[in-house]
Amino acid sequence: MNYLSAENLTKTYGDRTLFRDLTFGISRGDKIAIVGANGSGKTTLLTILAGVMPPDAGLVSQRKDITIGYLDQQPEFDNSLTVMQAVLAGESAQLDAVRAYEHALETDNHDLLGEAMSEMEKLEAWDYESQIRQILGELGIQDVTQPVTSLSGGQRKRVALARVLIQNPDLLILDEPTNHLDLEAIEYLESYLTTNNGTLLMVSHDRYFLDRVCNQIAELDNGQLFTYKGNYAYFLEKKDERETAAASELAKDRNTFRRELDWMRRQPKARGTKAQYRVDAFDELKEKTSGKKSDGDLDLNLRMTRLGSKILEVENLSKRFGDKVLLDHFNYTFKRFDRVGLIGKNGMGKTTLMNMLTGEMRPDSGKISTGGTVKFGYYTQTELDLPENQRVIDVVQDVAEVMKLADGSTVSATQLLSRFLFDRSKQYDFVAKLSGGEKRRLQLLLVLVQNPNFLILDEPTNDLDITTLNVLEDFLLSFSGCVMIVTHDRYFMDRLVDHVFVLEGEGKVRDYPGNYTDYREWRDNQPKKSQNGNAVSAVASKQTPTPVISEPMPNGNANGTKKKLSFKEIREYESLEGEIESLEQRKVEITASLSDGGHHGQLTEWAREIEQIEQTIAQKSDRWLELAEHI
């Protein structure tokens with residue numbers, strides 16, 4: 001069943017055409033990601049498909065009986081609303097019923113209340129408020145009564161995401177949904193979208209997320225859309241094959257062009273005396289062979305300032321805001337080649353710690369001693385405040401006219417911008433004309449142009465395209481200084497860090513040796529607390545403890561005693577561990593099958609099975625914990 005179709009779409013800004021005669025379709029059950037270089041037009045295409053922006057030419061049509069939920073990069077709210085009201089401002093039959101019920105309660109109208117309750121019952125909308133609170137909580141928003149005006153940009157994005165998810169539309173259109181989410185929230189969203197049997201279209205640069213959620217990848221490259229049926233790993237394989245074939249075809253075209261160029265030069269100048277069909281073919285070939293590849297080759301072979309033996313020593317560092325303790329007597333001595341990842345929920349103090357290390361914020365107590373040769377390069381989440389009417393080339397020349405490379409040679413500002421994928425025309429564009437990703441790439445250039453030897457990168461992957469991310473990763477792997485990274489991109493962190501600082505709350509920082517995936521696997525294998533505070537495993541311990549049957553008090557009062565388990569309950573307790581482990585294994589297998597793709601019927605069946613498995617695991621785990629209370 002076709003949900004949305006786009007035919008012959010064209011969009012142009014000034015003298016620049018993003019795409020021309022682009023045709024695209026979305027069918028029920030598709031989970032499609034659009035990828036491509038910064039500035040290639042991904043967000044523009046998404047806004048056109050969502051009906052927010054009209055194309056210059058072409059047509060977008062959708063089925064009349066479907067609902068569409070759209071998440072913008074910069075969502076807007078009515079600032080007079082609270083968080084809960086903003087989420088309820090979405091559109092769905094259930095939300096209409098909840099709003100009617102709330103209105104009936106406020107007006108104390110018994111007739112309206114009866115109708116509203118009947119509609120709530122009919123639409124099974126009673127648990128909507130609890131669902132909203134759960135989704136907001138998973139996304140890091142706990143206070144649903146706070147006004148929207150008090151939220152940061154990242155928090156507003158998360159509220160907007162919750163509003164879209166709770167509507168449960170037939171087609172979800174999401175623009176960079178993982179930006180501004182912490183790692184746990186991303187994993188929740190990943191699980192939600194993987195098990196949800198809806199239809200999805202999104203733009204994202206999170207490679208783990210793409211690989212696990214999507215069954216199709218559409219690459220917007222040089223104004224054309226190339227679609228691959230499979231996950232992100234499959235896309236990479238097929239893209240390489242396409243580019244190899246294209247390079248071979250380009251080499252043939254250039255050989256033909258050289259022969260035709262020689263023919264054009266040898267013939268009389270008067271065009272009427274030449275075979276017109278051959279002249280037209282030559283013009284087409286010239287345009288084809290002179291086209292530039294959109295992503296290019298980003299070159300980060302930059303020089304680094306020498307780093308001495310003393311780098312950075314932190315002693316008893318403490319910081320709090322009001323009653324909230326962010327750091328409590330934190331100690332660490334940075335060593336040469338340290339590659340540290342910072343992990344923690346939003347609001348735990350990751351940015352605060354980096355601001356203190358760089359001297360932009362003072363600690364409440366403690367000492368930070370910086371070596372004399374240390375030169376920080378601090379890439380922040382906040383975009384640089386650059387004059388919108390300043391040209392890109394002028395922005396770079398204000399920092400450095402020339403720059404030394406690792407081999408000792410120098411490059412001009414123009415050459416440096418070319419290495420960062422800003423072609424000659426783009427260098428003389430005004431900053432206001434840059435896309436979000438291009439602005440972030442310019443910001444990265446301005447950090448690296450200062451030859452730092454201690455890089456602190458706060459969410460460097462936001463808005464950068466995958467090509468830029470790959471080259472930035474390669475540069476950081478060969479970087480001989482120290483690196484500290486905060487990122488929601490798990491792949492990026494896994495490649496680059498050798499240990500992580502985990503901000504656990506109440507000022508505690510755990511230094512764990514390994515990358516994010518190593519830490520996550522270790523954490524998931526740690527015993528969790530049961531409701532009575534005793535340590536039990538997340539599902540069941542590896543070795544089941546021997547059941548202990550306690551006798552009741554002589555007076556028959558259960559105070560201070562454990563319930564006596566029957567033989568049947570003991571057998572049930574012992575069997576639950578294996579049953580839960582089997583269900584978990586089955587869930588892993590189905591999730592892997594979903595990532596590999598399949599026909600719509602299979603995907604729907606697998607998604608429903610995962611939902612059933614999760615419900616069964618929750619029921620059996622609750623029963624296991626209940627029996628464990630008496631052992």
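A: Take the open sheet of 3 strands, ordered β11-β10-β13, with antiparallel pairing. Its edge strands are β11 and β13, and each of them pairs on one side only. From one strand to the next, the twist averages 20 degrees. Helix α11, residues 350-357, packs on this sheet and touches β10, β11 and β13. The direction of α11 makes about 130 degrees with that of β10.

Some terms need their cut-offs. Helices (H or I, at least four residues) and strands (E, at least two) are DSSP runs, numbered from the N terminus. Two strands pair if DSSP finds at least two bridges between them. A contact means heavy atoms within 4.5 Å. Axes are lines fitted to C-alpha atoms, for helices over the stretch in contact, and angles run from 0 to 180 degrees between N-to-C directions.

The model is predicted: local features need pLDDT of at least 70, side-chain atom pairs count only at pLDDT 80 or more, and totals for chains, interfaces and linings use all residues. Residues are numbered from 1 along each chain as its sequence is written, and side-chain values use heavy atoms, with hydrogens and water left out.

Now the strand pairs. β10 covers residues 312-321 and β11 covers residues 324-334. They pair in the antiparallel sense over 7 bridges. Arg 320 stands opposite Val 325 in β11. Phe 321 stands opposite Lys 324, also in β11. The hairpin of β10 and β11 has 2 residues between the strands. There, Gly 322 takes a positive phi near 65 degrees.

β10 also pairs with β13, residues 365-370. This pairing is antiparallel too, over 5 bridges. Here Ser 318 of the sheet stands opposite Ser 365 in β13.

For context, the protein chain holds 20 helices and 22 strands.

α6, residues 153-167, is mostly covered, with 13 of its 15 residues buried. Its first and last C-alpha lie 22 Å apart, close to the expected 21 Å; the expected span is 1.5 Å times one less than the number of residues. Just after α6, Asn 168 takes a positive phi of about 50 degrees.

Terms used
Buried < 20%, exposed > 50% of the residue type's maximum accessible area, 1.4 Å probe, protein only.
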